[in-house]
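The exercises that follow are meant to be worked with the coordinates open.

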Amino acid sequence: MTERIHYHLFETAAGFAAIGWNDKGISSLRLPAASAHEAERSLVRRFSMALPTEPPPAVRSVVDAVVRYFAGERVDFAAVPVDMGEQSLFFEQVYAFVRKLGWGEATTYGAVAKALGAGPEFARDVGQAMANNPVPLIVPCHRVTGAGGKIGGFSAPGGSTSKAHMLALEGVSIEAAPTSRKAAPGKTDTQAGFDF
């Protein structure tokens with residue numbers, strides 16, 4: 001039996017976003033779009049039986065963290081419980097690895113494949129996992145780029161432009177080949193209580 005999904009629309013500095021959740025955790029995050037209707041349509045397309053609901057305190061904490069992120073605040077989403085549904089073993093491994101990338105860190109599709117013990121031919125599979133990530137930002141797929149400093153694809157509203165904006169918020173230059181880079185000293189992570 002599938003868990004009942006609830007969702008909530010909210011506004012950020014980058015546009016309107018939608019968040020979906022169940023009793024296990026966040027199951028969907030739709031990154032900012034130009035309108036609330038677009039954000040809602042994107043979420044409901046994946047979860048047609050989802051119900052609009054005011055978020056409980058744990059989900060409200062995640063919403064507040066997303067708003068702060070798009071306002072330029074350094075936020076850590078590592079403790080947010082997620083329910084990504086059924087995934088292949090490789091996708092689960094990719095998501096677990098990418099989730100460990102912190103603020104201002106970037107890597108490439110090929111580097112993720114290599115870190116997981118897969119050959120370079122699996123870089124495309126890493127890209128597919130990123131494209132199908134139901135909770136971007138929480139699982140920070142924007143931090144995975146193409147080889148040679150190329151931005152790579154991004155399936156969120158705004159495509160590569162949105163990805164570049166998110167990386168710029170974190171101080172990552174996309175002109176240079178991505179490396180594991182930390183944000184400027186003096187900034188601190190903020191992490192709300194994300195208990196479900």
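Two strands count as paired if DSSP finds at least two bridges between them. The model is a predicted one, with a mean pLDDT of 87 and with 88% of its residues at 70 or more.

**Exercise 1.** Determine which residues stand opposite Y7 in strand 2 and in strand 4.

*Solution.* Begin with strand 1 (residues 6–12) and strand 2 (residues 15–21), which pair in the antiparallel sense over seven bridges and form a hairpin with two residues between them. Within this pairing, the bridge partner of Y7 in strand 2 is G20. Next, turn to strand 4 (residues 51–52), which runs parallel to strand 1 and is joined to it by two bridges; there, Y7 stands opposite P52.

**Exercise 2.** Work out how the buried residues of helix 6 are arranged about its axis, and identify what covers them.

*Solution.* First list the buried residues of helix 6 (residues 159–169), taking buried to mean under 20% relative accessible area: they are G159, K163, M166, L167 and L169. Seen down the helix axis, these residues fall within an arc of 155°, so they line one face of helix 6. The face turned away from the buried side carries the exposed residues T161 and A168. Then look for the covering elements, which include strand 3 (26–33), helix 2 (57–70), helix 4 (109–115) and strand 6 (144–145). Finally, follow the chain just past the end of helix 6, where G171 takes a positive phi of about 80°.

**Exercise 3.** Describe the largest nonpolar core, and find which element gives the most to it.

*Solution.* The largest nonpolar core has 43 residues, and those with the most contacts inside it are I19, I26, Y69, F77, V126, M130 and L137. Strand 2, strand 3, helix 2, helix 3 (89–99), helix 4, helix 5 (123–131) and helix 6 each supply at least two residues of this core, while helix 2 gives the most, with seven residues. For a closer look, take F77: leaving aside residues up to four places away in sequence, F77 touches V62, A65, V66, Y69, R99, L137 and I138.

Notes: Residues are numbered from 1 along each chain as its sequence is written. This is a predicted model: local features need pLDDT of at least 70, side-chain atom pairs count only at pLDDT 80 or more; totals for chains, interfaces and linings use all residues. Side-chain values use heavy atoms; hydrogens and water are left out. Buried means under 20% relative accessible area, exposed over 50%, partly exposed in between (1.4 Å probe, protein chains only). Helices (H or I, at least four residues) and strands (E, at least two) are DSSP runs, numbered from the N terminus. The arc is that of the directions from the helix axis to the C-beta atoms. Contact means heavy atoms within 4.5 Å. pLDDT is the predictor's confidence in each residue, from 0 to 100. A nonpolar core is a set of buried Ala, Val, Leu, Ile, Met, Phe, Trp, Tyr and Cys residues joined through side-chain atoms within 4.5 Å.
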